[in-house]
Amino acid sequence: MPINTKLVVISSLGMLGAAAVAVTAMLIYRPQVYEGHLSIGFETSAFTPCDASYRGERWWASGLPPEGHARYRELTTKMYEPVFLKVRAIRTRKGSYGHMGGYQRELTIVELLELRVAQPADCGPEKPAAP
C-alpha cells in the first residue's frame with residue numbers, strides 16, 4: 001500500500017504547529033505560584049486568589065490532579081466548602097472562563113504544592129500585591 005506523502009507532511013506540520021503553540025504558551029505564560037481558596041462543586045471549580053492585585057476576582061481552576069480531588073474530598077464535608085490551595089499554575093488574561101463564562105480568568109494547574117483546611121489568616125493583609 002503506497003504512503004500518501006502529502007498526508008504525512010500535512011499531519012507532521014499539524015503536530016509541529018500544536019507543539020509550537022504549547023511551547024509558546026509556556027514561554028509567554030510562565031507558570032507561577034498562586035495561593036488562595038478553592039471551592040469545588042456542581043459546575044463549580046472556583047479559585048479565589050490571596051494576592052491583593054486580584055481581590056474580588058474568581059478564577060476557573062482547571063488541571064487539579066486526581067490526588068488533589070481526593071484530598072479535597074478528605075478535607076471537606078460538603079460541596080463548595082473552601083480549602084487553601086497553593087499551586088504552580090498558568091493564569092490567563094481577563095475574560096470569560098469556566099461554566100457559562102462566569103469566571104474572570106482561568107488558572108491551569110501545573111503542579112499541586114499544598115492543599116489543606118482553610119484558615120482565616122490564609123489571605124491576611126500580609127499578602128503583598130503582585131509586582
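In which loop is Met 79 found? Met 79 sits in the loop between α2 (66–75) and β4 (83–91). The model is predicted: local features need pLDDT of at least 70 and side-chain atom pairs count only at pLDDT 80 or more, while totals for chains, interfaces and linings use all residues. Residues are numbered from 1 along each chain as its sequence is written, and side-chain values use heavy atoms, with hydrogens and water left out.

The chain has two helices and five strands, taken as DSSP runs (helices H or I, at least four residues; strands E, at least two) and numbered from the N terminus. Along the sequence they follow the pattern α-β-β-β-α-β-β. Of the 131 residues, 31% count as buried, that is, under 20% relative accessible area, with exposed meaning over 50% and partly exposed in between (1.4 Å probe, protein chains only).

Met 79 counts as partly exposed because its relative accessibility is 48%. Together with Phe 42 and Tyr 80, Met 79 forms a nonpolar patch on the surface, with about 340 Å² of accessible area. Accessible areas come from the Shrake-Rupley method with a 1.4 Å probe; for residues, only the protein chains shown count as cover.

A disulfide (cysteine sulfur atoms within 2.5 Å) joins Cys 50 to Cys 123, with S to S at 1.8 Å. Cys 50 lies in the loop between β2 (44–49) and β3 (59–62), and Cys 123 in the segment after β5 (105–117), 73 residues apart. The torsion about the S-S bond is about -55°, so the disulfide is left-handed.

Note on methods. Patches are made of residues with over 30% relative accessible area and no salt bridge: like charges are joined within 9 Å, nonpolar side chains (Val, Leu, Ile, Met, Phe, Trp, Tyr) within 5 Å. A salt bridge is a side-chain nitrogen of Lys or Arg within 4 Å of a carboxyl oxygen of Asp or Glu.
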